[in-house]
Amino acid sequence: MHASSVADGVDGEVARLQLRGGPRGALLDGVLDRVGDAAILAGLGLWALNGHGPRGVLVWTVAATAGALLSMASKDRAAALGLPPAPERALGWLLGGRDGRLLLVTVGAVLGAPVAALAAVTATSGLSLAFRVAFLRRQPAPDGAS
């Protein structure tokens with residue numbers, strides 16, 4: 001998992017260094033990151049079915065996937081709208097960003113605890129989403145906006 005994250009970062013840097021990076025590549029990179037996140041969380045859910053009730057596993061898997069996608073969508077949407085970014089450094093301590101989520105998944109996998117990893121991703125993604133929304137609500141509205 002972390003190797004793919006490193007390869008993803010290197011790919012983006014190489015494209016920028018060769019002046020081949022652009023909005024289409026950035027869009028594709030973001031979409032593929034979300035597809036990869038969903039696949040990783042689905043894999044955790046499938047693994048968790050071994051020894052856990054399917055309803056509980058389904059709830060945790062859907063919650064973790066939705067939380068991860070919504071957390072990143074809120075960040076991307078705020079950027080697309082030109083809104084001030086939330087303090088991502090502070091959010092990093094919540095492990096709610098993509099790298100933090102991958103770390104939680106890795107730790108859960110090493111410990112053989114897929115349900116705990118799904119619960120941790122759900123919690124940190126939810127906290128990050130709530131933090132981003134609260135941050136944006138505290139920002140002054142632009143002139144003429146409500």
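1. Throughout this note, a residue is called buried when its relative accessible area is under 20%, exposed when that area is over 50%, and partly exposed in between, with a 1.4 Å probe and protein chains only. By that reading Asp-37, at 6% relative accessibility, is buried. This is a predicted model, in which local features need pLDDT of at least 70 and side-chain atom pairs count only at pLDDT 80 or more, while totals for chains, interfaces and linings use all residues. Residues are numbered from 1 along each chain as its sequence is written, and side-chain values use heavy atoms, with hydrogens and water left out.

2. On the overall fold, the chain has six helices and zero strands, where helices (H or I, at least four residues) and strands (E, at least two) are DSSP runs numbered from the N terminus. Of the 146 residues in the chain, 28% are buried. If a contact is taken as heavy atoms within 4.5 Å, then 79% of the contacts between residues at least 6 apart in sequence join residues at least 24 apart.

3. Helix H3 covers residues 54-80, and its 27 residues reach 38 Å from the first C-alpha to the last, close to the 39 Å expected at 1.5 Å a residue; the expected span is 1.5 Å times one less than the number of residues. The buried residues of H3 include Val-57, Thr-61, Gly-67, Ala-68, Ser-71 and Met-72, and the buried residues of this helix pack against helix H2 (23-48), helix H5 (98-110) and H6. Just after H3, Gly-82 takes a positive phi of about 75 degrees.

4. Which residues does Ser-125 touch, leaving aside those up to four places away in sequence? They are Gly-67, Ala-68, Ser-71 and Arg-101. Ser-125 sits in helix H6 (residues 114-137) and is buried, its relative accessible area being 0%. Three of the residues it touches, Gly-67, Ala-68 and Ser-71, are themselves listed among the buried residues of H3.

5. Turning to charged pairs, a salt bridge here is a side-chain nitrogen of Lys or Arg within 4 Å of a carboxyl oxygen of Asp or Glu, and the count by this rule is five. Arg-34 forms one with Asp-37, with the closest N and O atoms 3.6 Å apart. Because Arg-34 and Asp-37 are three residues apart in helix H2, about one helical turn separates them. Arg-34 is buried, with a relative accessible area of 17%.

6. Asp-37 also pairs with Arg-98, and here the closest N and O atoms are 2.8 Å apart. This pair links distant parts of the chain, with Arg-98 in helix H5 and Asp-37 in helix H2, 61 residues apart.

7. Arg-132 and Glu-88 meet through their side chains in another salt bridge (2.8 Å, N to O). Since Arg-132 lies in helix H6 and Glu-88 in helix H4 (residues 88-92), the pair ties together parts that are 44 residues apart in sequence. Arg-132 is buried at a relative accessible area of 4%, whereas Glu-88, at 30% relative accessibility, is partly exposed. Salt bridges that share partners join Asp-33, Arg-34, Asp-37, Arg-98 and Arg-101 into one network.

8. Where does empty space remain inside the model? Rolling a probe the size of a water molecule over the atoms shows where empty space is left. A cavity is a set of points, on a 1 Å grid over the protein atoms alone, where a 1.4 Å probe fits but cannot get out, and lining residues have an atom within 4 Å of a point. Grid points are joined across faces, edges and corners, and a volume is the space filled by probe spheres set on the points. The count is one cavity of 30 Å³ or more, and the largest cavity has a volume of about 60 Å³.

9. The lining of the largest cavity includes Asp-37, Ala-68, Arg-98, Arg-101 and Val-121. H5 supplies the largest share of this lining, four residues. The lining residues divide into six nonpolar, no polar and three charged, with Ala, Val, Leu, Ile, Met, Phe, Trp, Tyr, Cys and Pro taken as nonpolar, Asp, Glu, Lys and Arg as charged, and the others, Gly among them, as polar. Two of the lining residues, Arg-98 and Val-121, are 23 residues apart along the chain, and their C-alpha atoms are separated by 9.9 Å.

Terms used. On a 1 Å grid over the protein atoms alone, a cavity is a set of points where a 1.4 Å probe fits but cannot get out, and a pocket is an open set with protein on both sides within 12 Å along at least five of seven lines; lining residues have an atom within 4 Å of a point.
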